Amino acid sequence: MPWRYARSRTVYRQANDSKGDVLADSWKRALVLSPHTDDGELGCGATLVRLAAAGCHVRYIAFSIANRSLPEGFPPDTLAREAREATAVLGVKDVVLHDFDVRTFPQHRQEILELLVKESKEFKPDVVFQPSPSDMHQDHQTVAREGLRAFKRTTMLGYLLPWNTSGFSDDCYITFGESELEKKVEAVGKYRSQAHRSYADPDYIRSLAKVHGVTVGRPYAEVFKVARLVLDPPTD
Ligand SMILES: [Zn+2]
């Protein structure tokens, strides 16, 4: 029978056993690439809660603190402060914030690649979460493309931001429960300067997680495009 990749799905269940988590057993170091602050929280916030709670070292890198996206009246350090508050809610302690101007990432492609190559050599992540290749935002595309160049031997999962994406392939489901979902909602809510965005609406975040969960018969899930999957044998 021919291999039918398009019909296959990977589902990472949350472990019921409080001693461990199937994700964190495989992934000791996870890197999240968030082109702008809040992309990582929206794309994979509940997954990060699971990983961090289970002892995985999660590093979150945002490439723009997007001052140009701030509504009038907010001080220029608003998004940096909100990003620190949001990641703290997720349990992520290792946060790196760069400051490339929004919508100019294609012009800084090489600089971004060099930052990522350095992360690949020094942090050595077991998994990288980044925007999916079908994300249409130019800054997201740049990070996704340079991520694939920099991490050639690493599991790479592209998260879904539906309002920016066309033709997403839902290869991988990471499931979670109510408490992880509510942490994600709370983290996104820390971006008070972005509360006017329709995708920051708690009902939308909960509904999307429910839609993806129901697809695989679980309460909630986040979905990912698998760009590369590396499965190592256990080390213990
Ligand atoms: Zn973005």
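The axes of helix α2 (residues 39–53) and helix α6 (residues 178–189) come within 8 Å and cross at roughly 135° in this predicted model. Helices (H or I, at least four residues) and strands (E, at least two) are DSSP runs, numbered from the N terminus, and axes are lines fitted to C-alpha atoms, for helices over the stretch in contact, with angles running from 0 to 180 degrees between N-to-C directions. The two helices, α2 and α6, are therefore oblique to each other; angles under 35 degrees count as roughly parallel, over 145 as roughly antiparallel, 65 to 115 as roughly perpendicular and the rest as oblique. The crossing of α2 with α6 is right-handed, a crossing being left-handed if the near helix is turned anticlockwise from the far one by less than a right angle, and right-handed if clockwise.

On the α2 side, E41, L42, G45, A46, V49 and R50 meet E180, L181, K183, K184, A187 and V188 of α6 (contact: C-beta atoms, placed from the backbone, within 7 Å). The residues of this contact comprise six nonpolar, one polar and five charged; Ala, Val, Leu, Ile, Met, Phe, Trp, Tyr, Cys and Pro count as nonpolar, Asp, Glu, Lys and Arg as charged, and the others, Gly among them, as polar.

Helix α6 also packs against helix α7 (residues 202–215), at an angle of about 145° and with the axes 10 Å apart. This crossing of α6 and α7 is right-handed. In α6, L181, K184, V185 and V188 meet P202, I205, R206 and A209 in α7, and the residues of the contact are six nonpolar, no polar and two charged.

Helix α2 also contains G40. This residue, G40, is buried, with 30 other C-beta atoms within 10 Å (buried: 20 or more such atoms; exposed: 12 or fewer; partly exposed: in between). Leaving aside residues up to four places away in sequence, G40 touches V32, S34, Y60 and F129. The C-alpha atoms of G40 and P131 are 8.4 Å apart, although 91 residues separate the two along the chain.

The chain as a whole has seven helices and eight strands. Of its 236 residues, 44% count as buried. Among contacts between residues at least 6 apart in sequence, 81% join residues at least 24 apart. The C-alpha trace spans about 55 × 35 × 35 Å along its principal axes.

Residues are numbered from 1 along each chain as its sequence is written. Because the model is predicted, local features need pLDDT of at least 70 and side-chain atom pairs count only at pLDDT 80 or more, whereas totals for chains, interfaces and linings use all residues.

Notes
Contact = placed C-beta atoms within 7 Å.
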